[in-house]
Amino acid sequence: MKKLLVATLLAIFSTSFFAQEVEQKTTPQKAHYNTSKFKQLHEELPTPNNAHRASGAVGHEYTQQQVDYKMNIVLDDENQKIFGEETITYHNNSKDNLEYLWVQLDQNIRAPNSLTPQINGGGPDVMYAPAKFAKTFMGKPFQGGFNIEFIKDVNGNEVSYMINKTMMRINLPKPLTSGENYIFNIKWWYNINDYLADGGRSGYEPFPDGNNLYVIAQFFPRLAVYNNVEGWQNLQFLGRSEFALEFGNYDVTITTPKDHILNATGVIQNPKDVFTSAQYKRYEDSKNSFDNPVFIVTPEEALAAEKGRSEETKNWHFYAENVRDFAFASSRKLIWDAMAVNLNGKTVMAYSLYPNEGNPLWEEHSTRAVANTLKVYSEFTFDYPYPQATSINAQRQGMEYPMICWNYGRPNEDGTYTERTKSGMIGVITHEVGHNFFPMIVNSDERTWTWMDEGINSFVEIYAEYKYDPLLFPLTDQPKSIVRYMSGDQSGLEPIMSQGEDLTNFGSNAYGKPAAGLFILRETVMGHELFDHAFKTYAERWKFKHPTPADFFRTMEDASAVDLDWFWRGWFYTTGANDIGIKEVKKYYVTDKPTERIKNMAKRYGTTVDKFPPALYLISEDSSEFKNDLKSKKPEDYDLLNDYINENFSSEEKAELKAPKYFYELVFEKPGDLVMPIIVEFEYDDGTKERKQYPAEIWRKNDAEVTKVFPSNKAIKKITIDPDEQTADINLSNNSWPKKIENKFEQFKKNKIKA
């Protein structure tokens with residue numbers, strides 16, 4: 001009985017599918033390429049090789065260069081100048097012979113002949129600081145940019161070079177062969193910019209009391225990346241897209257006024273020489289302060305220092321191992337507090353340096369936010385490998401470097417501050433400290449693929465902020481915060497896979513959209529377990545190396561066994577948006593009387609219904625068949641079904657069976673371009689709710705609409721798609737059944753808000 005019934009049912013279903021295919025045959029049309037949104041990404045991704053494997057892993061032929069720096073720097077606070085001399089050791093670890101080296105001169109963006117002012121269009125600024133007004137309109141541009149005094153080899157011989165805007169080519173006397181090192185010296189200086197006047201990622205902030213706070217980065221000629229993917233990464237620096245750099249060791253001595261406090265990338269090698277005896281003791285004691293921050297330099301000491309002007313100097317000596325860059329901050333106004341962080345038995349120091357103008361906000365939150373960021377990011381990736389992480393308070397700044405970053409956020413003059421100021425300050429600290437992981441360690445090419453550092457970092461930032469203060473940073477803000485951008489005018493949108501200089505809306509495209517996409521992957525598409533393992537695998541594979549987008553995409557699939565090509569294509573390679581709605585809902589009942597559909601199928605095959613085996617059918621309550629068959633029964637009342645159950649199920653199995661009373665046909669439509677899972681919430685007459693999620697692959701055969709049958713023991717009162725707004729759906733008006741009808745007052749309020 002069992003075998004016969006199964007065979008006949010299979011025959012019916014097979015015939016039914018065949019019939020559908022026959023119905024779809026039409027007049028031959030012109031051929032077309034594969035336009036499926038589930039088409040594999042093979043055409044878009046670069047061909048894998050022995051350096052960047054098809055799995056997304058590092059290949060056995062992968063190489064990367066190393067560049068070591070020994071520098072002596074002088075900070076001239078009186079004249080706002082930097083003087084430097086550096087010895088660079090370039091290790092050619094590639095298999096190529098190099099005819100020349102490319103060096104980045106990022107300060108040249110401020111040189112009088114810089115390209116940046118010429119390529120940026122637009123009308124007048126809202127306001128102009130005097131320095132910017134003079135520079136822009138009065139023919140007296142800021143005399144920025146590197147002044148190269150000499151470049152010499154280790155024997156003191158002049159080295160030939162050529163400067164092209166923000167790039168300098170070192171012409172080697174002979175090709176540098178694989179495995180060889182080349183050592184050369186550069187002496188240089190430049191005028192430090194007032195970044196409040198002309199912007200920029202570094203410079204000095206002048207205070208009304210005559211003091212300056214220096215946040216110094218991109219301050220030395222540094223080597224460009226030479227890699228397995230594109231050779232030299234020597235795209236010009238135009239101001240927006242950031243930096244591609246090699247790892248190396250830094251030995252740096254910085255000379256400042258004696259009354260300055262300074263911190264930098266790396267670890268102070270001479271703390272007894274630069275701190276007072278009381279400060280040195282607090283510096284050492286702070287290494288055991290795991291519960292609360294403690295002062296190394298107190299507010300009172302900073303207030304006393306900022307009133308003086310020492311004419312003496314002191315040297316700060318730092319050493320940093322295996323970092324891709326170096327930066328420092330210095331001022332006589334700086335307070336310094338510290339807190340030890342335990343990362344699986346390893347102690348890492350969290351530091352904050354800030355003027356009294358930053359208190360009480362910075363004293364209350366900065367170092368705690370640094371410590372929280374290190375913990376959460378380590379959980380998502382790998383334990384933070386460096387000895388310290390520092391947050392510097394610099395007005396209107398938000399920028400990252402290895403172990404150190406500049407962050408905005410200050411209270412009012414009376415010390416009060418709003419929740420907005422507080423959340424902004426905690427948010428920027430979390431973001432910039434998080435950059436230690438992406439791209440300072442997982443070292444992607446920021447100049448080409450901005451989203452690989454900004455977007456991935458912004459994604460982990462969501463969870464770090466939530467951990468710090470779930471009320472101030474609720475997860476419910478994600479991913480719907482990106483909806484407004486994705487529903488905007490297409491003429492102002494570019495795919496995420498675009499070079500940073502080409503983006504119209506830089507923040508939303510490079511930060512918000514990739515972060516929202518990864519949030520959807522973790523929370524909705526993949527789930528925490530699969531996503532977290534794959535994400536951690538990517539971070540572990542590519543820490544201290546140069547990953548590409550393909551390495552990320554491939555690793556996420558390789559480590560999870562989830563085909564995500566549809567997601568990468570839609571979310572990263574297009575400007576499409578998600579809009580899924582409920583087109584129609586019908587209620588069905590069970591009958592054993594042949595329906596018009598089965599009669600039509602029999603007619604097409606030249607047979608009659610009585611030739612088919614007995615079967616059950618679903619009929620819509622709106623159909624004439626249902627109105628003519630008011631005697632339709634519950635499923636369990638049909639002998640045909642009962643016979644099958646009695647023949648094929650044990651008594652224990654039968655006890656677990658529950659026959660549905662209702663059958664609903666749900667027709668989902670997709671006006672949007674993206675494919676996404678369909679999250680459906682059913683609300684029943686008794687007030688209870690149930691959720692079901694259909695995977696994105698439900699759209700693989702029909703990109704416009706799909707139909708599902710949902711059986712239920714209870715009558716459904718309401719159906720809602722994406723009730724928690726988990727998929728960045730840009731149009732919620734079609735997400736409910738029965739369709740919500742707004743009254744005129746609600747429509748008026750929405751129109752006023754939009755206006």
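A contact means heavy atoms within 4.5 Å. The model is predicted: local features need pLDDT of at least 70, side-chain atom pairs count only at pLDDT 80 or more, and totals for chains, interfaces and linings use all residues. Residues are numbered from 1 along each chain as its sequence is written, and side-chain values use heavy atoms, with hydrogens and water left out.

**Exercise 1. Describe the chain as a whole: its contacts, burial and secondary structure.**

Step 1. Take the contacts with a separation of 6 or more; residues 24 or more positions apart account for 75% of them.

Step 2. Of the 755 residues, 51% count as buried (under 20% relative accessible area, with exposed over 50% and partly exposed in between; 1.4 Å probe, protein chains only).

Step 3. Helices (DSSP H or I, at least four residues) and strands (E, at least two) are numbered from the N terminus. The chain has 20 helices and 31 strands.

Step 4. The C-alpha trace spans about 105 × 60 × 55 Å along its principal axes.

**Exercise 2. Classify the packing of α9 against α10.**

Step 1. Two packed helices are described by the angle between their axes and the distance between the axes. Axes are lines fitted to C-alpha atoms, for helices over the stretch in contact, and angles run from 0 to 180 degrees between N-to-C directions.

Step 2. The axes of α9 (residues 419-434) and α10 (residues 451-468) come within 9 Å and cross at roughly 130°.

Step 3. Angles under 35 degrees count as roughly parallel, over 145 as roughly antiparallel, 65 to 115 as roughly perpendicular and the rest as oblique. The pair α9 and α10 is therefore oblique.

Step 4. On the α9 side the contact includes I426, G427 and H431; on the α10 side, E454, N457 and Y468 are among the residues involved.

Step 5. The contact residues divide into 3 nonpolar, 6 polar and 3 charged (nonpolar: Ala, Val, Leu, Ile, Met, Phe, Trp, Tyr, Cys and Pro; charged: Asp, Glu, Lys and Arg; polar: the others, Gly among them).

**Exercise 3. How many residues of α14 are buried, and what do they pack against?**

Step 1. In α14 (residues 549-558), 9 of the 10 residues are buried, so the helix is largely enclosed by the rest of the structure.

Step 2. Among the buried residues are D551, F552, F553 and R554.

Step 3. The buried residues of α14 pack against α10, α12, α13 and α15 (565-573).
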